[in-house]
Amino acid sequence: MNTATFHETTAVAAAVAQTVAGIGGACGTNGAIGAGQELLLIPLSRLRPSARNVRKSGSTSIPELAASIARVGLLQNLTVVLSPDGERYEVVAGRRRLAALKLLVKRRKLAKDHDVPCLLVPDAAARTVSLTENVQREAMHPADQFEAFAALVAEGRPIEDIAADFGVTPLVVQRRLKLANVSPRLLADYRADTVSLDQLMALAVTDDHAAQEAAFYESPQWQRSPDALRDHLTRDEIDVSRDPVARFVGLDAYEQAGGAVRRDLFADEQNGVFLADAALLDALARDKLAATADEVRAEGWGWVDVAVRATYADLHRFQRVRATRREPRKAEAKRIAKLEAEQSKLQDRLDDEDEALSDKEAQALQDAMDAIGTELDAIERTLLDYPAGSVPLAGVVVTLDAAGAIMQHRGLLREEDAKALRARQAQGEPAAQGADEDGGANQAEDEPQTLTISEKLARRLSAHRTAALQAEVARHPQVALVAVVHRLAQRVVLEGYQGSPLNVSADPQDRLEQHAPDVAEAPAAVGMRKVREAWAERLPQDSDALFAALRAMPQSELLSLLALCVGFTVSAITSREGERPAALLAQAVGLDMGQWWTPTAAGYFEHVSKAKALEAVQAFAPAEVNRLGKLKKAQIAAEAERLATGSGWLPAMFRTADAGADAAAPADAAGDEAAPEYEGGAETGSEEQEAAEAA
């Protein structure tokens with residue numbers, strides 16, 4: 001242990017005493033050690049903190065200081081006064097050093113009665129001495145520290161030894177050396193406070209001084225944030241934390257294949273890794289996707305392509321075979337119900353404020369919910385049937401989604417294949433080989449696995465959607481009249497029993513609070529309530545008088561009242577995220593949930609899994625995903641609410657379905673040909689079918 005021995009400290013004390021005597025005789029009280037001051041060796045057990053130490057905060061990094069003292073000894077004495085009991089000494093300056101010495105005793109690296117060099121000062125000067133030591137000093141500039149670390153390494157000192165001397169990790173030393181290696185011009189500006197430490201750390205991502213200076217000095221002031229500087233210097237490289245292909249391949253596999261890697265020493269474990277060989281990364285991803293592509297080919301599709309970075313524009317050039325959803329069989333329905341019940345229970349536990357869950361327990365519940373959601377999605381995809389004869393003509397693009405998960409775009413039609421399918425259907429050809437009664441290969445997955453929300457949250461969101469839809473119907477008398485006539489004609493004239501979003505028995509659907517406690521304060525609900533109250537004050541309570549008042553009312557006012565009444569009968573509650581009740585009614589009134597609902601922590605982010613919340617943040621603030629990923633769920637929810645403000649982001653349940661997705665055939669199709677069952681775009685889903693059923 002590299003500490004001062006008793007004999008060494010005794011020799012130091014003797015030398016100091018001689019110096020004190022000499023200076024005191026020549027200079028009186030103005031010497032290095034003034035009148036009444038004495039340098040002593042005091043056993044550690046007789047030292048205790050003083051209440052008169054003016055420094056009340058800053059007792060940090062005690063373990064690091066203790067490690068340094070253990071390596072190189074106590075380099076600065078403590079300042080003490082004699083306790084009132086005459087047996088102990090109170091430390092008025094040097095509290096951190098005292099705490100570090102006590103820690104070494106606790107760790108059995110120092111004896112309890114170890115002699116500590118102390119300067120004894122008069123009791124009356126205790127506060128003055130304490131204040132002087134803390135005020136009359138100048139901290140070392142960090143740049144000096146960086147260069148001093150570099151000088152130690154230049155002298156041949158190993159990084160591990162330097163780290164041990166200062167009680168820090170080797171990584172801390174490596175970071176200091178990295179900063180010492182920044183361009184001298186930038187270091188000079190850092191000393192002059194025109195470059196911040198965060199900017200310096202960002203620039204240290206490269207050792208190229210010319211590149212560092214160009215990134216900083218050639219960028220406008222508003223593009224000199226640490227993130228902007230780091231992005232500028234790594235613009236030709238792939239950020240592992242952001243790139244889905246990198247997440248899919250994995251850093252280990254990339255490095256084993258010989259790929260070059262740049263690591264940012266100042267980033268955390270999840271960030272700061274950049275890949276230089278994009279071609280190698282994509283090749284590894286294609287190789288890894290090959291097995292999935294082979295499995296898909298075995299289903300009988302006409303073609304299967306692997307496109308590692310397929311964009312929306314790439315996929316939109318295809319037309320798509322539209323799959324229909326069959327009803328679940330008894331066993332499937334039972335399994336779906338069981339999974340949804342389990343998911344609801346897990347969500348209730350997460351939402352229960354009275355249940356104290358640790359972060360580990362909460363994460364386990366979220367992971368379990370995500371697993372259930374994945375299984376539900378898998379079951380849902382097995383319920384899809386493709387039209388007869390379409391599978392051998394259509395194809396699949398195997399790619400990756402934004403999270404790096406495998407994504408299979410199925411049922412894609414090239415232009416010539418779409419024409420061939422129309423011709424077959426027009427001729428009434430039987431099902432092509434491989435499409436059996438139950439759909440066979442046609443029941444293949446059509447959409448990627450996605451994170452889902454709980455039934456409880458689905459009902460909550462649909463309650464807000466219902467309130468907004470009620471308000472919009474009330475604002476559109478013509479649509480309200482159409483909806484009423486549609487419902488009556490369906491039931492009376494056509495004797496049909498198809499579903500409708502209207503409850504013509506005039507039961508107002510105004511108890512939405514049971515699904516969404518906060519819906520009563522939603523703008524749509526507040527507005528509807530005020531309009532109803534205004535009409536209630538105007539209309540007579542007596543039935544005969546009401547009839548007479550309505551007969552005398554102008555048609556425009558009568559239609560307005562009709563719209564209000566029809567609006568209150570609208571019900572669009574659902575417990576499934578993928579369902580869109582009353583889709584055609586919403587389309588008719590131009591429902592835009594962005595005008596009626598705002599994403600908040602209490603209304604959405606607190607009720608979804610951590611992964612689902614981060615998926616949303618990826619859409620409106622992708623640069624913040626990595627930072628939020630390190631936070632607790634409650635913190636993520638609060639930050640997501642703040643970041644979503646003004647973004648216009650809406651959850652999937654609120655997004656407007658593409659009204660044109662049901663386009664039957666391209667413009668060059670023969671006018672009298674039967675329209676094939678496909679859609680003109682790769683990103684459409686089953687929402688249009690659901691809308692048709694809802695109508």
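Biologist: Is Thr 466 buried or exposed?
Modeller: Thr 466 is buried, with a relative accessible area of 0%; buried means under 20%, exposed over 50% and partly exposed in between, using a 1.4 Å probe and protein chains only. Keep in mind that this is a predicted model, where local features need pLDDT of at least 70, side-chain atom pairs count only at pLDDT 80 or more, and totals for chains, interfaces and linings use all residues. Residues are numbered from 1 along each chain as its sequence is written, and side-chain values use heavy atoms, leaving out hydrogens and water.

Biologist: Where does Thr 466 lie, and what does Thr 466 touch?
Modeller: Thr 466 lies in helix 19; helices are DSSP runs of H or I with at least four residues, numbered from the N terminus. Not counting residues up to four places away in sequence, Thr 466 touches Leu 512, Val 570, Ser 571, Ala 572 and Ile 573, where contact means heavy atoms within 4.5 Å.

Biologist: Which residues touch the most other members in the largest nonpolar core?
Modeller: Tyr 604, Phe 605 and Phe 620 do, in a core of 60 residues. Such a core is a set of buried Ala, Val, Leu, Ile, Met, Phe, Trp, Tyr and Cys residues joined through side-chain atoms within 4.5 Å.

Biologist: Which helix gives the most to this core?
Modeller: Helix 19, with 10 residues.

Biologist: And what is Phe 620 in contact with?
Modeller: Setting aside neighbours within four places in sequence, Phe 620 contacts Phe 605, Ala 640, Leu 643, Ala 644, Ser 647 and Trp 649.

Biologist: New topic: how do helix 5 and helix 6 cross?
Modeller: The axes of helix 5 (residues 142-154) and helix 6 (residues 159-166) come within 10 Å and cross at roughly 135°. Those axes are lines fitted to C-alpha atoms over the stretch in contact, with angles from 0 to 180 degrees between N-to-C directions.

Biologist: Which residues make the contact?
Modeller: Helix 5 brings Phe 149, Leu 152 and Val 153, while helix 6 brings Ile 159, Ile 162 and Phe 166.

Biologist: Last one: what about Leu 65, buried or exposed?
Modeller: Leu 65 is buried, with a relative accessible area of 19%. Leu 65 lies in helix 2 (residues 62-72). Leaving out residues up to four places away in sequence, Leu 65 touches Arg 96, Arg 97 and Ala 100. Leu 65 and Ala 99 are 34 residues apart in sequence and 9.2 Å apart in space, C-alpha to C-alpha.

Definitions and conventions: Helix = DSSP H or I, 4+ residues; strand = E, 2+ residues; numbered from the N terminus.
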